[in-house]
Structure formats: C-alpha cells, structure tokens
Amino acid sequence: MSSPVPRRACILCDDADDSATLAAHQEGLRVLRGELRCLWVDGVSDRPWPAQATGPLQALIRLANLEKAGRHEAADSVLYMDVEVDPRNGEQFELVVALSPFTTGAEGLDNSEKLIYSASDTGSGLWMALTPSEHSELREKLLARGVSPDAVIPQ
C-alpha cells in the first residue's frame, strides 16, 4: 500500500492585493474540492459584504435556517456561525467559494478529519495544506486569472 502524498502548509502572501486574495481563496477551494469531506463557513464579516457576496450570503442564511429548523432551534436566534456545507453539493460549495474571501472564518476537513483549508480575518488569513501537484495546479489557476502565482506561498 502506498503512503499518501505529503501536504505542505501554504499561506496567502502578505502583499497580496484584493484580486490576488479573491483568486487565492476561490481557486484554492476549487483545487481542494475533491479532498474536502466537509466545510464550515461563517456568515459574518468584519466589513460590509461586497455586492458579489450578498446573493451567496442570503443563500447561506437560508441554508443555516433550514439546519436550525431541523434541530428545532429558533431561526431568529441564528448567528450564522459554523454553517456546515457539503462540498459535494455544487450549489453549497459555490457559496463557500463566494464567501470565503470575505468571511471571518471558513474551514475544510479531509476524509481523515485533518484541516486542509482555513480562511479567516475577512480574507487576509488563508491557509491550505497542499500536495505538490495541488500547489502547481493552484499556481496555474492563479496565473490564468492574471494573478501572480506567488500569491500563495509555502509557509
């Protein structure tokens, strides 16, 4: 039996501009999607949500209210923290892709319950555990979006 390919911690570089930050969050999630077993995202930001995030935020709130109603909790007391999202569900996954660059927190675990994705601090905090091939793929995706492939660097 072969051993798993080791993952290396990668972070958003300190001088990443807004477009690099957005691309790094979004493409990082897309690269990791096949390895993610579960995702959580907070419907909370330290700044006003940008226009492109308002639709996904409303969809996340509806999802959170459905989860809370299923647990018989009052929907009006929801803080929209730690909303669980199924990465296999395309619509739910795209909510995290849209909100991750702006939320105070998002996390993703792999099948062995290890953290492989973390976003925090309203976009400025981004940490991913990437295999060498995932890191290469991410660099290619960043470059295709007109962003420096060095926006995400090994920690």
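Predicted model: local features only at pLDDT ≥ 70, side-chain atom pairs only at ≥ 80, totals over all residues.
Local features were considered at pLDDT of at least 70 and side-chain atom pairs only at pLDDT 80 or more, while totals for chains, interfaces and linings use all residues. Residues are numbered from 1 along each chain as its sequence is written, and side-chain values rest on heavy atoms, with hydrogens and water left out.

Helix α1 (18–32), assigned as a DSSP run of H or I with at least four residues, has 15 residues and reaches 21 Å from its first C-alpha to its last, close to the 21 Å expected at 1.5 Å a residue, the expected span being 1.5 Å times one less than the number of residues. Eleven of these 15 residues are buried, so α1 is largely enclosed by the rest of the structure; buried denotes under 20% relative accessible area, exposed over 50% and partly exposed the range in between, with a 1.4 Å probe and protein chains only. Among the buried residues of α1 are His25, Gln26 and Glu27.

In the loop between strand β1 (8–12) and α1, strands being DSSP runs of E with at least two residues, Asp14 is exposed, at 83% relative accessibility.

Most residues other than glycine have a negative phi.
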